[in-house]
Amino acid sequence: MGIKSFQGARRQQANTADSTPLKVSDYMTRNLITFTPDQTIESVMQALIKNRISGGPVVNEKHELVGIISEGDCIKQISESRYYNMPMQDKTIGKHMATDIETIDGNMNIFDAANKFLNAKRRRFPIIENGKLVGQISQKDVLKAAMTLKGRNWWK
């Protein structure tokens, strides 16, 4: 009596894995809510709440990435304005955004990106092509990718 394979024909598996999208660019968000350095902290907070996002890229007039603003950056300004009893209405995000930004290549494997999230302890990574912001990958995008690929071979 022979041993039966539970995996099916190997040739068929290889073809399935080859057609599976595994690049960051396949799962990144392209339609981004962006901010400009001259926007007020208050307007950014309103946009974060309205759009239910935790932060976003800050771009200049050429659509080049110059920073990232997050809920934490805004909360820090709320705390400081209360401490110094100073109004926040006219403060812009240019001085309060994070400017040391790590990016991810859109051609990176989605699982390598997951590993980068673990090591960098970031919630999002912008994707730059030819000096311009083209998208962003978040931890949630990686989770969606994993659910899409569930039940398939993930190596390659």
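What follows is a set of questions and answers about this structure.

User: Before we start, what kind of model is this, and what cut-offs apply to it?

Analyst: Residues are numbered from 1 along each chain as its sequence is written, and side-chain values use heavy atoms, with hydrogens and water left out. Local features need pLDDT of at least 70, side-chain atom pairs count only at pLDDT 80 or more, and totals for chains, interfaces and linings use all residues, since this is a predicted model.

User: How is α4 oriented relative to α5?

Analyst: Two packed helices are described by the angle between their axes and the distance between the axes. The axes are lines fitted to C-alpha atoms, for helices over the stretch in contact, with angles from 0 to 180 degrees between N-to-C directions. For α4 (residues 110-120) and α5 (residues 139-148), the axes come within 10 Å and cross at roughly 140°. Angles under 35 degrees count as roughly parallel, over 145 as roughly antiparallel, 65 to 115 as roughly perpendicular and the rest as oblique, so α4 is oblique to α5.

User: Which class of residue has five members in the contact of α4 with α5?

Analyst: I110, A114 and F117 in α4 meet Q139, V142 and A145 in α5. Ala, Val, Leu, Ile, Met, Phe, Trp, Tyr, Cys and Pro count as nonpolar, Asp, Glu, Lys and Arg as charged, and the others, Gly among them, as polar. The contact has no charged residues and one polar residue, and the class with five is nonpolar.

User: Which backbone oxygen does the side chain of Q139 reach?

Analyst: Q139 is in helix α5 and is partly exposed at 37% relative accessibility. Leaving out residues up to four places away in sequence, Q139 touches F117, R122 and R123. At 2.8 Å, the side chain of Q139 reaches the backbone oxygen of R122.

User: Which side chain makes a polar contact with the side chain of S54?

Analyst: S54 is in the loop between α2 (41-51) and β1 (55-59), and is buried with a relative accessible area of 17%. Not counting residues up to four places away in sequence, S54 touches L48, S70, E71, R123 and R124. A polar contact is a pair of N or O atoms within 3.5 Å; within protein, one must be able to donate a hydrogen and the other to accept it, and residues adjacent in sequence count only if both atoms are side-chain atoms. At 2.4 Å, the partner of the S54 side chain is R124.

User: Is I93 buried or exposed?

Analyst: I93 is in the loop between α3 and α4. Leaving aside neighbours within four places in sequence, I93 contacts residues including F35, P37, I41, V44, V58 and I69. At 0% relative accessibility, I93 is buried.

User: How far apart in space are the C-alpha atoms of G94 and P37?

Analyst: G94 lies in the loop between α3 (71-83) and α4, and is partly exposed with a relative accessible area of 30%. G94 and P37 are 57 residues apart in sequence, yet their C-alpha separation is 4.1 Å.

User: What is the phi of K121 near?

Analyst: Most residues other than glycine have a negative phi. K121 sits in the loop between α4 and β3 (124-129), where K121 is exposed at 70% relative accessible area. K121 has a positive phi, near 55°.

How values were computed. Helices (H or I, at least four residues) and strands (E, at least two) are DSSP runs, numbered from the N terminus. Contact means heavy atoms within 4.5 Å. Buried means under 20% relative accessible area, exposed over 50%, partly exposed in between (1.4 Å probe, protein chains only).
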